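Let's take a walk through this structure together, one spot at a time.

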Amino acid sequence: MASANGNWALTAVAAAALAAAALYAARAAYDWSDERIAANERARVVARLNSVLEPALRGRDLTTTLLGITDAEHLGSDGPVDVFVLTDRGAPMATVFATVAPHGYNAAIDLLIGVAPIGTVTGVRVVRHRETQGLGDAIDIARSDWMLQFDGKALTSPPPELWAIEQDEGEFDAISGATVTSRAVVAAVKNTLLYFEQHRDELYARAAEAANAGRASPP
Amino acid sequence: MTPTTSSFREAIAPLWRDNLALAQLLGLCPLLAVTTTVVNGVALGLASAAVVVIASTAMSALKRALKPAARLPVALLILATLVTVVDLFSEALFYDLHGKLGIFIPLIVVNSGLLAHAENVASRRSVGFTLLSALATGFGFLLAFVALGAFREIVGHGTLLSDIELLAGESYRGMRLDLGVGGVLVAILPPGAFFGLGLLLALRNRLTATKPQDRSSSGTPR
């Protein structure tokens with residue numbers, strides 16, 4: 001039986017042809033799916049923007065300006081982080097940060113954090129996480145209400161030194177069995193508020209600039 | 001018994017008697033990891049089945065063209081390509097589900113059971129036999145995913161078919177069943193996967209113990 005199997009020349013030709021076909025197939029699959037995947041990611045973020053806005057703003061037709069902000073210390077990523085500034089006829093109504101909590105239990109946690117112009121949190125949701133099923137996944141609103149405790153909080157209430165979980169003498173509940181996860185999320189929300197406090201005017205100016213540029217050049 | 005019948009029986013043995021997960025105990029890592037719900041299990045089971053059917057059939061078709069020493073690299077090339085394609089397609093079409101399965105779609109490529117099939121069966125048997133046997137292997141593996149996923153979802157969440165809309169589309173959301181029982185958290189944690197697998201193996205042994213068994217044909221341990 002083994003002697004019936006081809007010679008090396010035939011093997012080389014077959015393997016080379018197969019390798020070429022494999023490259024072609026992988027490339028074709030990538031080309032076919034690349035834009036769909038990017039669209040899926042965008043749709044997921046935009047659909048969730050509403051969930052972190054204050055209820056009165058949900059579903060309203062606001063102008064959304066996307067900025068890419070790089071600030072590893074506050075926004076948790078070495079690369080640019082999506083920041084959405086939502087305006088109504090030029091007046092800033094809300095800012096939504098796609099902050100990363102880098103120190104999740106299993107991996108970084110991607111968050112969406114809504115901040116009102118006065119600096120209060122209007123909502124926090126998790127976009128993507130790898131936390132332990134049944135424990136850390138309580139950060140997902142589908143599993144528990146834990147994320148709702150940030151609503152209405154600001155750097156003045158509680159004061160910055162109390163922006164920590166109870167185990168660290170802070171004011172926030174921790175998910176039982178998921179201290180690391182809880183700590184990571186609280187820190188990420190606090191850092192986002194710090195960033196917002198320091199850069200609010202700059203963010204609004206950049207958003208207005210981008211909106212003006214968009215108007216000057218018709219689509 | 002005609003030769004045709006006996007080779008048919010041999011080809012479909014991986015469906016139950018030589019089941020990849022439940023008899024050969026291969027591919028347990030993804031099985032234990034993703035079966036927190038039926039839908040997760042079905043998704044990864046289907047992906048694995050598609051990969052083994054195409055890879056084994058292709059390897060069988062190529063068997064006369066390849067020297068034995070070249071078979072393994074070529075099998076890996078085919079598996080890696082298929083898994084890449086499945087990974088990209090599932091992220092494009094089932095974005096949320098793909099997020100839940102995470103690393104386990106790419107890891108299909110190192111599923112020893114699928115590789116063993118593409119190597120052992122495909123190198124010796126006809127294309128037709130290999131295709132049938134690969135189908136049996138894939139769906140037998142899927143069966144294990146569904147069984148363990150159902151057990152863990154019912155006991156752990158008290159539901160069945162939750163997240164079905166991620167796989168079948170939004171209009172199937174209503175297929176989710178709330179059984180009003182369960183909530184035993186351990187079932188969806190890693191230890192629960194082992195308990196569930198142990199119970200499944202016990203059940204399988206119980207069901208097969210009454211029948212005379214050809215011991216020589218049980219699996220290809222790796």
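Two rings out of Phe, Tyr and Trp (for Trp, the six-membered ring) are called a pair if their centres lie within 6.5 Å; planes under 30 degrees apart make the pair stacked, over 60 edge-to-face, and anything else tilted. Before we use that, some housekeeping: this is a predicted model, where local features need pLDDT of at least 70 and side-chain atom pairs count only at pLDDT 80 or more, while totals for chains, interfaces and linings use all residues. Residues are numbered from 1 along each chain as its sequence is written, chains are lettered from A and ligands numbered from 1 in the order in which they are written, and side-chain values use heavy atoms, with hydrogens and water left out.

Now for the rings. Over all chains, the structure holds 9 aromatic pairs. One of them joins Phe97(A) and Tyr195(A), edge-to-face, with 6.1 Å from centre to centre and 80° between the planes. Phe97(A) sits in strand β3 (residues 91-97) of chain A and Tyr195(A) in helix α3 (residues 179-216) of chain A, so this pair ties together parts that are 98 residues apart in sequence. Helices (H or I, at least four residues) and strands (E, at least two) are DSSP runs here, numbered from the N terminus.

Phe97(A) counts as buried because its relative accessibility is 0%, and Tyr195(A) counts as buried at 4%. Phe97(A) also pairs with Phe196(A): the ring centres are 6.3 Å apart and the planes stand at 90°, so this pair is edge-to-face. Here too, distant parts of the chain are linked, with Phe97(A) in strand β3 of chain A and Phe196(A) in helix α3 of chain A, 99 residues apart. Both Phe97(A) and Phe196(A) are buried.

A charge sits over a ring if NZ of Lys or CZ of Arg is within 6 Å of the ring centre and within 35 degrees of the ring normal. In chain A, Arg36(A) lies over the face of Trp32(A), 3.9 Å from the ring centre. In chain B, Arg125(B) lies over the face of Phe129(B), at 4.2 Å from the ring centre.

While we're in chain B, have a look at two of its helices. Helix α3 (residues 38-61) of chain B and helix α4 (residues 68-93) of chain B pack at an angle of about 145°, with their axes 10 Å apart. Those axes are lines fitted to C-alpha atoms, for helices over the stretch in contact, and angles run from 0 to 180 degrees between N-to-C directions. Which residues meet there? From α3(B) come Ala47(B), Val51(B), Ile54(B), Ala55(B), Ala58(B) and Met59(B), and from α4(B) come Arg71(B), Val74(B), Ala75(B), Ile78(B), Leu79(B), Leu82(B), Val83(B) and Val86(B). By class, this contact of α3(B) with α4(B) has 13 nonpolar, no polar and 1 charged residues. For those classes, Ala, Val, Leu, Ile, Met, Phe, Trp, Tyr, Cys and Pro count as nonpolar, Asp, Glu, Lys and Arg as charged, and the others, Gly among them, as polar.

Zoom in on Leu82(B), found in helix α4 of chain B. Leu82(B) counts as buried at 17% relative accessibility. Not counting residues up to four places away in sequence, Leu82(B) touches Val51(B), Ile54(B) and Ala55(B), where contact means heavy atoms within 4.5 Å.

Asp88(A) is buried, with a relative accessible area of 15%. Leaving aside its neighbours within four places in sequence, Asp88(A) is in contact with Arg60(A), Leu62(A) and Met93(A).

Last stop: some backbone details. Arg89(A) is in the loop between β2 (81-88) and β3 of chain A, and its phi is near 50°, a positive value in a residue other than glycine. Arg89(A) is exposed, with a relative accessible area of 78%. Asp163(B) has a positive phi as well, near 70°, but counts as buried at 19% relative accessibility. Finally, the peptide bond from Ser157(A) to Pro158(A) is cis, with omega near 0°, and Pro158(A) lies in the loop between β6 and α3 of chain A.

Methods
Buried means under 20% relative accessible area, exposed over 50%, partly exposed in between (1.4 Å probe, protein chains only).
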